[in-house]
Amino acid sequence: MLELNEIINKIIAFRDRREWARYHTPKDVAMSLAIEAAELMELFQWKPSREDIDEERLQRIREEVADIAIYLMIFCHDLNIDLYRAIEDKLVMNEEKYPAETSKDLW
């Protein structure tokens, strides 16, 4: 399995071979992330439960998840955001904000 940096390098190489970086402003990539997230949500809209996820729909879900991840990695790469570090920092913040002993009955 590829490491995150290897995946990012493959994505950036793919983009650069097509000279698409000029279109990948932070604003446009952020908008693309939202659009892809909406496409993922659409696959669940009006569906009653998880049981109705057949193989075809699961494949479409995988494709949307990949699109979201690709745009997120491009966004982080271009803004020099260390994705691992950002996640680790956010987990620390969430741990402080939502201690396990007081957050069990939120829902």
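Trainee: What share of the contacts with a separation of 6 or more comes from residues 24 or more positions apart?
Mentor: Those residues account for 65% of such contacts. Contact means heavy atoms within 4.5 Å. This is a predicted model: local features need pLDDT of at least 70, side-chain atom pairs count only at pLDDT 80 or more, and totals for chains, interfaces and linings use all residues. Residues are numbered from 1 along each chain as its sequence is written, and side-chain values use heavy atoms, with hydrogens and water left out.
Trainee: How many helices and strands are there?
Mentor: Five helices and zero strands. Helices (H or I, at least four residues) and strands (E, at least two) are DSSP runs, numbered from the N terminus.
Trainee: How do the axes of α2 and α3 cross?
Mentor: Helix α2 (residues 26-42) and helix α3 (residues 55-78) have axes that come within 9 Å and cross at roughly 165 degrees. Axes are lines fitted to C-alpha atoms, for helices over the stretch in contact, and angles run from 0 to 180 degrees between N-to-C directions.
Trainee: Which residues meet there?
Mentor: Among them are Leu33 and Leu40 in α2, and Ile61, Ile68 and Phe75 in α3. The contact has 13 nonpolar residues, one polar and four charged. Ala, Val, Leu, Ile, Met, Phe, Trp, Tyr, Cys and Pro count as nonpolar, Asp, Glu, Lys and Arg as charged, and the others, Gly among them, as polar.
Trainee: New topic. What box do the C-alpha atoms fill?
Mentor: Roughly 50 × 35 × 30 Å, taken along the principal axes.
Trainee: And what percentage of the residues count as buried?
Mentor: 20% of the 107 residues. Buried means under 20% relative accessible area (1.4 Å probe, protein chains only).

Note on methods
Buried means under 20% relative accessible area, exposed over 50%, partly exposed in between (1.4 Å probe, protein chains only).
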